[in-house]
Amino acid sequence: MRRAILARHGETGLSAVGRTNGDPAVACALTEAGREQARELGRELAGERIDLCVTSEFERARETADLALEGRNTPRLVLAELNDIRFGDFEGGALTDYRAWAHAHSPLDPAPGGGDSRAQTVARYVKAYRTILARPEETVLVIAHGLPVRYVLEALEGRTPAAAVARVPYARAFRIDAAALGAAVELLAQWAAAPAWSSGAV
């Protein structure tokens, strides 16, 4: 891979009302606004060659890819390692409740009820991005979730994960060359090996 284009999915019915969904088996389609965001992403990328599109297993990521790449014969790859964090007992609840819990706990603490820890989640994203970096295709479009995109954007600035992170806009393209993405991923790998919250993000 020589270049990645990272994007979060479009708005969903749950995200529009601030509810969590970390289970890919739960139906969570785009809203009409989210579908238009995905189409707008497609218009933004219309003049760019895309050799591969990678998504998570979630309906919202796959639907965003379908709309953004409509009319193209772009190969697809689904990586479960890009899936959103599993929220455990916070599944389907208010995102603000989960964020308050995460802010008060260590990155090594899994969410109660069988959820993921942030450290586990970051390690999983590192694995996904290493798979993407090793791909032979030149330009790879990655459509996933807020956390895997935000963690890379922060790492590009030399910042490691914080308990609370800024949201990523829906269906906005972030273009990153392979060298920069590789360096960001290695910073995240180092953090996942010895995780401690940064105070740099909000």
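Contact here means heavy atoms within 4.5 Å, and helices (H or I, at least four residues) and strands (E, at least two) are DSSP runs, numbered from the N terminus. The model is a predicted one, so to speak of local features takes a pLDDT of at least 70, side-chain atom pairs count only at pLDDT 80 or more, and totals for chains, interfaces and linings use all residues. Residues are numbered from 1 along each chain as its sequence is written, and side-chain values rest on heavy atoms, with hydrogens and water left out.

The buried residues of H6 pack against strand S1 (3-8), helix H4 (118-133), helix H5 (146-156) and strand S5 (174-177). Those buried residues (buried being under 20% relative accessible area, exposed over 50%, partly exposed in between, with a 1.4 Å probe and protein chains only) are Leu 181, Gly 182, Ala 184, Val 185, Leu 188, Ala 189, Trp 191 and Ala 192. The expected span of a helix is 1.5 Å times one less than its number of residues. For the 16 residues of H6 (178-193) that gives 22 Å, and the end C-alpha atoms are 22 Å apart, which agrees.

Next comes Arg 60, which sits in helix H2 (residues 59-68). Arg 60 counts as buried because its relative accessibility is 3%. Polar contacts (pairs of N or O atoms within 3.5 Å; within protein, one must be able to donate a hydrogen and the other to accept it, and residues adjacent in sequence count only if both atoms are side-chain atoms) link the side chain of Arg 60 to that of His 9 at 3.2 Å and to that of His 145 at 3.5 Å. Leaving aside neighbours within four places in sequence, Arg 60 is in contact with His 9, Thr 12, Asn 21, Cys 28, Leu 30, Asp 84 and His 145.

Leu 69 is in the loop between H2 and strand S3 (76-78), and it too counts as buried, at 3% relative accessibility. Residues up to four places away in sequence aside, Leu 69 touches Ile 50, Cys 53, Thr 74, Arg 76 and Leu 141. Its C-alpha atom is 37 Å from that of His 103, 34 residues apart along the chain.

Glu 40, by contrast, lies in helix H1 (residues 32-44) and is partly exposed, with a relative accessible area of 42%. The side chain of Glu 40 makes a polar contact with the side chain of Arg 43 at 3.0 Å.

On a 1 Å grid over the protein atoms alone, a pocket is an open set of points where a 1.4 Å probe fits, with protein on both sides within 12 Å along at least five of seven lines, and lining residues have an atom within 4 Å of a point. The lining has 29 residues, with Arg 8, Asp 84, Phe 87, Leu 95 and Arg 99 nearest the centre.
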